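I have a new notebook page open and a structure to get to know. Come and look through it with me.

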Amino acid sequence: RVAAIITNAGLDFEFLWLEVTETVLITDFDQASATLHSLADRGVGISIDDFGTGWASLTYLKSFPIHVLKIDRSFVADIDQSADGVAIVRSILALGAELGHVVVAEGIETQAQQEALQALGCLIGQGYLYGRPTPADQVPLRSAAHTRLASTGT
């Protein structure tokens, strides 16, 4: 159905990114796998939202065509104060890099969180530090859903 809508609208599949949560994936594993592979084969980007909070995260990385891991905000919330939080985020960043995935930190609310994430090498983040949810007609055209945390030289 998604493919039909994109095709009928005359849009390019590469401009669509789907964010799925782990709960959606465990509802019907086989159907989710077939659907996501079909869409990814056409160029649709697939993100795992709230990564690390589900019971089968690593299974998903192996079974689904994932492009982006979004670190759950619960790991970001105390990253500037918790050695466990740092270890978890560092591990997710390393895993994402090893698998060739983009990693996005969710729920960045303070400068201290941003700095802790930058120190770990996290390049992309989102959260209230950068902006609050806004009606579509009030979003400036130059606004981005994600904010780059560090310069990559490109």
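I began with a tally: the protein chain has 7 helices and 6 strands; these are DSSP runs numbered from the N terminus, with helices being H or I of at least four residues and strands being E of at least two. Along the sequence, I read the pattern α-β-α-α-β-α-β-α-α-β-α-β-β.

A note on the source: this is a predicted model, where local features need pLDDT of at least 70, side-chain atom pairs count only at pLDDT 80 or more, and totals for chains, interfaces and linings use all residues. Residues are numbered from 1 along each chain as its sequence is written, and side-chain values use heavy atoms, with hydrogens and water left out.

Next I looked up burial, where buried means under 20% relative accessible area and exposed over 50%, with partly exposed in between (1.4 Å probe, protein chains only). Of the 154 residues in the protein chain, 36% are buried.

Then I turned to helix α6, which takes in residues 83-99, 17 residues in total. Which residues of α6 are buried? I found Gly-85, Val-86, Val-89, Ile-92, Leu-93 and Gly-96. They lie on the same side of α6 because they cover an arc of only 135° around the axis, taken from the directions from the helix axis to the C-beta atoms. On the other side, Ala-83, Asp-84 and Glu-98 are exposed.

Last, I checked both ends. At the start of α6, a side-chain oxygen of Ser-82 comes within 3.3 Å of the backbone nitrogen of Asp-84. Just after α6, Gly-100 has a positive phi of about 80°.

How values were computed:
Expected span 1.5 Å × (residues − 1). Polar contact = N/O pair within 3.5 Å; in protein donor to acceptor, adjacent residues only side chain to side chain.
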